[in-house]
Structures are given as C-alpha cells and as structure tokens.
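Student: Hi, I have a model open on my screen and would like to talk it through. Could you help me find my way around?

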Amino acid sequence: MTKHIFIIGFMGSGKSTIGPVLASKLDRPFYDLDDLIEEEQERTISEIFESQGEKHFRSLESDALVRNQPSEPCVMALGGGTFVSDVNRDYVSKHGTSVWLKIPLRLARGRCKDSQHRPLAKDPELWESLFRRRERIYQLADIQVEVEGKSPQQICSEIQSHLTEIA
Ligand code: S3P
C-alpha cells in the first residue's frame, strides 16, 4: 500500500483522532488538512469563514489539498466538506485511498453541538441537511467503517483489514 490514505467523514466522526493512530500503526506521517490551512493562513478556520466566507475557504481547501501532498505515503485527515467537491474527490481517488468514518447523526451532533471552532455546526437545521446530503457522497469512498461504540484501536484494525483486502 503505497498510496496516501485520506480519512473522510462528517464533523465529529473522529478523523483527527483516528488519523494519527492509523498513521502510527502504518508507520507513516500524519497530516490534518484543516491544520495545514490554519498554519498557512495564520488564521483559524472560523476566522476565515467570518472574514471571507465559505466559498473562499473552499478554494483555500482545494488549493491546500493539492499543494500539501508529501512525496512519501501519508495519512491525511480531510475536513468534513473536502470530499464533497468533485474536483477534490477526483484528486483524492487519483492519489490515494479514501476511508469514510461513518457516524450516526445523533452521535455527531452530540460531539459537535457546543464546538466553538466549527462554523457549520452552529445551526442545527443546516447541520442536519448537510449531514443527509453528504452521506450520499461519502458513500463513494473506497472503504467505510462504522465508528459508533468502537475504540480508535478497533477502528484502525478494521481499516487495516480493509486496506489489506483492496491492496
Ligand atoms: C467543515 C468541517 C471542518 C472544517 C470546516 C468545514 C465541513 O472540519 O473543515 O469547518 O464543511 O464539514 P472537521 O470535519 O474536521 O470538523
């Protein structure tokens, strides 16, 4: 398995938690696309949304995805909306394997409802409609793993089994 591994899924699905655990098991570097954007822009995602809006954030996101691919195989956690764009999805499928961390809406809501750093988590109605729309797109991932009731170690073992199956 020499391609990158892209972890995708809705806000709160655990991408930034599972990603580093998986990277360490596979002995690969880990990157978080949101962190890369914040470092490059020297602003938080919330500040970018507030000052320049979501459209601008999406263009920074696509740009950061393409510019930050390391030469060695890595594990990268994407933002919850990254895989929604056709262009980003094509890029991901060309350069790696996508792994969807599938979470039920209720659990994701519980994890994110008080989140201060997620601009799209503020409005519950928007949240729910986003969740429903995106489920159909996340299904296009190469691998999917249900996360509810499982430890990071269990989730990573499942991902590893799927990776072996499709290698
Ligand atoms: C977003 C998810 C966030 C971040 C931004 C937009 C989304 O990342 O990229 O707030 O559109 O779902 P997380 O999924 O890591 O919270």
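This is a predicted model: local features need pLDDT of at least 70, side-chain atom pairs count only at pLDDT 80 or more; totals for chains, interfaces and linings use all residues.

Student: Great, ligand first. How many residues surround the ligand, and which are the closest?

Tutor: The ligand is surrounded by 13 residues, and the closest are K15, D34, R58, R118 and R134.

Student: Which helix gives the most to that shell?

Tutor: That is α3, with 3 residues in the shell around the ligand.

Student: And what lies 2.7 Å from an oxygen atom of the ligand?

Tutor: A polar side-chain atom of K15 does. Backbone N or O atoms also come up: one from G80 lies 2.9 Å from a ligand oxygen, and one from G81 lies 3.4 Å from a ligand oxygen.

Student: How much of the ligand's area does the protein bury?

Tutor: The protein buries 95% of the 390 Å² that the ligand exposes when taken alone.

Student: Which pocket is that space?

Tutor: The ligand takes up the space of the largest pocket.

Student: Okay, new topic: A64. Where does A64 lie?

Tutor: You will find A64 in helix α3, which covers residues 45-67.

Student: Is A64 buried or exposed?

Tutor: Buried, because its relative accessibility is 0% and the cut-off for buried is under 20%.

Student: Which residues does A64 touch?

Tutor: Leaving out residues up to four places away in sequence, A64 touches L33, I37 and E40.

Student: And how far is A64 from G149?

Tutor: Their C-alpha atoms are separated by 33 Å, and the two residues are 85 residues apart along the chain.

Notes: Residues are numbered from 1 along each chain as its sequence is written. Side-chain values use heavy atoms; hydrogens and water are left out. Helices (H or I, at least four residues) and strands (E, at least two) are DSSP runs, numbered from the N terminus. Buried means under 20% relative accessible area, exposed over 50%, partly exposed in between (1.4 Å probe, protein chains only). Contact means heavy atoms within 4.5 Å. A residue is near a molecule or strand if one of its heavy atoms lies within 4 Å of it. A polar contact is a pair of N or O atoms within 3.5 Å; within protein, one must be able to donate a hydrogen and the other to accept it, and residues adjacent in sequence count only if both atoms are side-chain atoms. Accessible areas come from the Shrake-Rupley method with a 1.4 Å probe; for residues, only the protein chains shown count as cover. On a 1 Å grid over the protein atoms alone, a cavity is a set of points where a 1.4 Å probe fits but cannot get out, and a pocket is an open set with protein on both sides within 12 Å along at least five of seven lines; lining residues have an atom within 4 Å of a point. A molecule sits in a cavity or pocket if more than half of its atoms lie within 2 Å of its grid points.
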